[in-house]
Amino acid sequence: MNDAASVGPLEGIKVLEYTGEIAPWAGKILAELGADVIRVEPIDGSHTRWYEPFLADTPHPEKSLFFWHYNLRKRSIALDINSESGKKIFLKLISDVDVLLEDQTPGHMLELGLDYPQLAAVNSDLIHAAVTPFGQNGPRSKDPAVDLTILAGAGPAWSCGYDDHKLPPVRGGGGQGYHTASHWAVIGILTAIIARKELGKGQYIDVNAHAASNVSTEAASYSWLVAEQTVQRQTGRHAGVRPSSPTQVKAADGRWINSGVPARQGKDFQKTYDWLAEAGLLEEFPEAPLLQLGATRDGFLNLGAISSGEDPEGAEIFAAGRAAMVLLIKSLSAYEYFTGAQQRGFQCGIIYSPEEVVQDVHFIDRGFPLEIHHPELNQSFIYPGVPYKFLGSPCEIKRRPPLLGEHTVEVLLETGYTPENIEVFQSENILG
Amino acid sequence: MEALKNLRICDFTGQLAGAGATRHLAAFGAEVIRIEDPVNEGRWDILRGNAPFVDDRRGIELGGAFNNHNVEKKAITLNLRTDEGKEILRRLVEKSDVVSENFSSGVMDRLGFGYEALKKLRQDIIYVSNSGFGASGPYQPYKTWGPIVQAVSGLTFSSGLPDQPSAGWGYSFMDHTGGYYMCISILAALIYRSSTGNGQWVDLACTEAAATLTGPSILDWSVNKRPTRRDGEPNSNRNAWPKMAPHGIFPTNNIDTWISLACRNDDDWTQLRGLIDDPAGFDSNYDTIEGRYAHQDSLEELVSSWTLVNSQNDLASQLTSINIPNAPVRNPQQRIDQDENTADWGLWPTVEHTQMGSVRVDGLPVHLSETDWQLERGAGCLGEHNDEVYGELLGFSSTKLKDLKSQGVI
């Protein structure tokens with residue numbers, strides 16, 4: 001690593017992370033922004049080191065791609081936090097950090113003797129963020145939950161699925177219930193860091209994953225809050241109070257397009273007509289004269305007047321615009337349609353699988369796919385990169401995720417322990 | 001104390017992806033001054049004046065979604081087509097910590113207020129632009145909204161059932177999440193400024209934010225060459241990382257009424273088996289996670305045969321009594337009006353809107369022990385805070401304000 005590399009906007013912020021599976025994403029974001037994030041693991045490693053998928057499908061605590069992704073740029077120390085000496089070391093680490101990020105079951109930190117009042121006693125500047133499924137004190141605070149049950153109970157799954165309601169509602173993939181809670185943990189932590197300057201001390205942040213997904217459901221919530229209306233799920237598009245028209249169309253190469261909104265104004269009908277002509281599809285499209293008629297219209301078609309029957313000609317023009325769009329999609333590859341439509345000013349998207357994103361020319365051009373070197377394996381792999389360019393303080397740290405306990409000695413030395421202290425702890429199996 | 005009370009934001013955001021970011025800063029006490037075009041009555045934000053509505057009244061001030069996303073902000077109008085309007089904006093930028101926007105990439109430059117221009121007005125200004133594809137790259141001019149961002153980033157593809165098209169998300173998940181990333185961008189840049197004195201431009205691309213949210217899938221491809229686009233995938237109601245089974249959403253004895261449940265390990269399965277009466281006896285394949293995972297089709301049929309003859313409420317209380325993660329697939333009424341957890345949290349506060357009256361809105365899912373959020377005031381009406389911002393902050397006389405109004409500048 002180049003010594004002059006820019007670390008990121010949170011350079012100088014120190015975070016101790018004591019998490020399981022809910023909040024490591026928050027730690028990853030803080031590390032990506034330049035904070036020094038030290039993950040405290042048990043002596044035998046976080047159980048998430050045993051989460052699939054594995055390098056070469058070989059289960060091993062240093063080969064979990066799940067762990068890799070969620071711990072990029074962090075440091076790791078292995079510590080028996082249940083032992084008395086381990087607790088003392090934890091408290092000493094706490095005295096030296098800005099933030100504690102944890103996602104333990106409510107009450108567990110108190111059982112350990114490491115709850116907020118005891119931590120604040122050694123470091124009044126500490127910001128302690130606790131991420132849990134239901135918050136610290138609510139009526140369900142100790143109920144078990146996983147990503148699926150959070151997304152089902154908090155609203156997202158209600159809105160997600162298919163027109164055919166005999167098919168079950170769908171949980172969006174990728175662990176987004178945990179991610180949304182983690183995003184809020186980061187917002188809370190950064191807000192508290194700013195407030196600390198004037199407040200003169202740290203504070204405790206209670207982050208509720210169930211609440212986080214509840215307030216991240218767009219119209220499902222405010223349609224009920226404002227008007228007591230209930231949205232219903234629809235294939236690949238917004239759940240609505242009223243049904244809407246399909247937007248996903250399969251292209252000639254079998255991949256899908258989210259078609260966005262079809263043409264509504266004169267110039268768009270002309271562009272659609274011209275595109276059909278360019279693609280040699282006019283002969284297959286008997287409604288083409290309707291597009292030419294649409295091109296003569298001023299302003300936007302009034303969709304209200306179309307659905308109420310006041311503008312029958314407008315309705316035919318609108319339908320022709322949609323039909324032309326579907327014909328173009330079915331006749332072209334998904335990528336040809338996506339770029340062709342966007343270059344003509346039509347909002348639409350190709351439905352990429354995750355791996356297709358990091359192979360796409362745009363994201364490569366922006367440097368989004370990030371090559372991370374794993375020296376022990378003598379190999380480099382593509383990770384998803386940094387989603388924001390802090391142009392004055394870019395995050396240039398490319399440290400791979402930590403091996404278990406890789407930084408135990410380094411961090412303890414930084415915290416003021418001597419090599420002799422550390423040897424004693426190691427002989428007592430308090431450190432790994 | 002309000003956490004962000006000394007912070008002033010010159011805010012051009014709209015819709016949810018942008019407005020949803022600065023709303024959280026306003027909830028923590030930041031002064032968010034939202035600038036709208038008086039000529040088209042702020043209609044660049046398509047939510048302004050649109051459904052849902054609290055009653056039979058309709059109009060530009062009465063949109064429920066707009067109110068939800070713009071609580072606690074100040075609303076001013078300013079016509080940036082006029083030289084006078086541009087001059088006033090310069091005065092406002094000089095007094096602001098942050099300029100935030102989610103126009104299509106490049107619009108601020110065309111208005112004459114790109115980062116370099118802003119920096120001349122205030123050397124340590126923080127400028128955060130939020131767009132679908134970012135400020136560089138071949139797709140920089142492309143237009144997006146939530147579902148397009150989700151489509152191109154892999155999120156839509158990752159949500160669905162086998163042999164079906166993508167289910168997508170059913171709403172603009174990435175407008176909420178893009179807003180969270182924008183909020184994080186602003187706060188992180190403020191912390192950096194506080195330690196170095198330097199402002200900067202943050203170029204946020206929502207598609208990239210979304211693409212970080214499928215990380216293990218990307219690594220499975222880059223490391224193991226295993227694409228997510230393959231037969232039988234995805235089935236996002238199941239869980240492969242880590243393996244859990246049964247894990248899914250199951251029908252109950254009522255139409256379109258569902259329950260989710262997950263067995264995290266063998267102990268959970270042993271507990272659940274005690275609730276399910278299987279006359280055929282349990283398949284010994286189900287004894288291990290590998291076996292249950294490999295035989296999920298039959299396992300899910302077995303679980304469904306039990307859930308189908310029980311009510312959603314009964315299932316939830318039975319599963320909770322044996323400590324199995326579960327939740328009804330709650331509809332909006334169930335989770336907003338009938339969920340003791342969200343009520344106890346204070347998750348749906350009521351704000352006062354000048355024209356709409358009392359309206360409930362989304363609260364925040366964090367509580368800070370010393371500097372918590374507050375939501376009391378609804379979104380501003382067009383120009384509602386013109387006198388306050390132009391009069392008190394910029395020191396314009398009442399005569400000047402009248403002139404600006406009559407000239408159509410504000």
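## A tour of two chains

Start by selecting H24(B): this residue is buried, with a relative accessible area of 5%. Keep in mind as you click around that you're looking at a predicted model.

**Stop one: around H24(B).** Colour helix α1 of chain B, residues 19-27, and you'll find H24(B) sitting in it. Now show what H24(B) touches, skipping residues up to four places away in sequence: W184(A), Y180(B), C183(B) and L364(B).

**Stop two: a helix pair in chain A.** Hop over to chain A and select helix α1 (residues 24-32) and helix α8 (residues 176-199). How do you describe two packed helices? You give the angle between their axes and the distance between the axes. Here the angle is about 50° and the axes are 8 Å apart. Angles from 65 to 115 degrees would count as roughly perpendicular and those under 35 as roughly parallel, so α1(A) and α8(A) are oblique to each other. Their crossing is right-handed.

From α1(A), show W25(A), A26(A), I29(A) and L30(A). Facing them from α8(A) are H179(A), S182(A), H183(A), A185(A), V186(A), I189(A) and L190(A). What kinds of residues make up this contact? Eight are nonpolar, three are polar and none is charged.

Zoom in on β1 (residues 8-11) and β2 (residues 31-36) of chain B: they run parallel and are joined by four bridges. For one of the details, click D11(B), whose bridge partner in β2(B) is R34(B).

**Last stop: D220(B).** Select helix α9 of chain B, residues 215-224, and find D220(B) in it. Buried or exposed? D220(B) is buried, with a relative accessible area of 3%. Leaving out residues up to four places away in sequence, D220(B) touches P53(A) and L65(A) in chain A, plus K225(B), R226(B) and W241(B) in chain B.

Terms used
Residues are numbered from 1 along each chain as its sequence is written. Chains are lettered from A and ligands numbered from 1 in the order in which they are written. This is a predicted model: local features need pLDDT of at least 70, side-chain atom pairs count only at pLDDT 80 or more; totals for chains, interfaces and linings use all residues. Side-chain values use heavy atoms; hydrogens and water are left out. Axes are lines fitted to C-alpha atoms, for helices over the stretch in contact, and angles run from 0 to 180 degrees between N-to-C directions. Helices (H or I, at least four residues) and strands (E, at least two) are DSSP runs, numbered from the N terminus. Angles under 35 degrees count as roughly parallel, over 145 as roughly antiparallel, 65 to 115 as roughly perpendicular and the rest as oblique. A crossing is left-handed if the near helix is turned anticlockwise from the far one by less than a right angle, and right-handed if clockwise. Contact means heavy atoms within 4.5 Å. Ala, Val, Leu, Ile, Met, Phe, Trp, Tyr, Cys and Pro count as nonpolar, Asp, Glu, Lys and Arg as charged, and the others, Gly among them, as polar. Buried means under 20% relative accessible area, exposed over 50%, partly exposed in between (1.4 Å probe, protein chains only). Two strands pair if DSSP finds at least two bridges between them.
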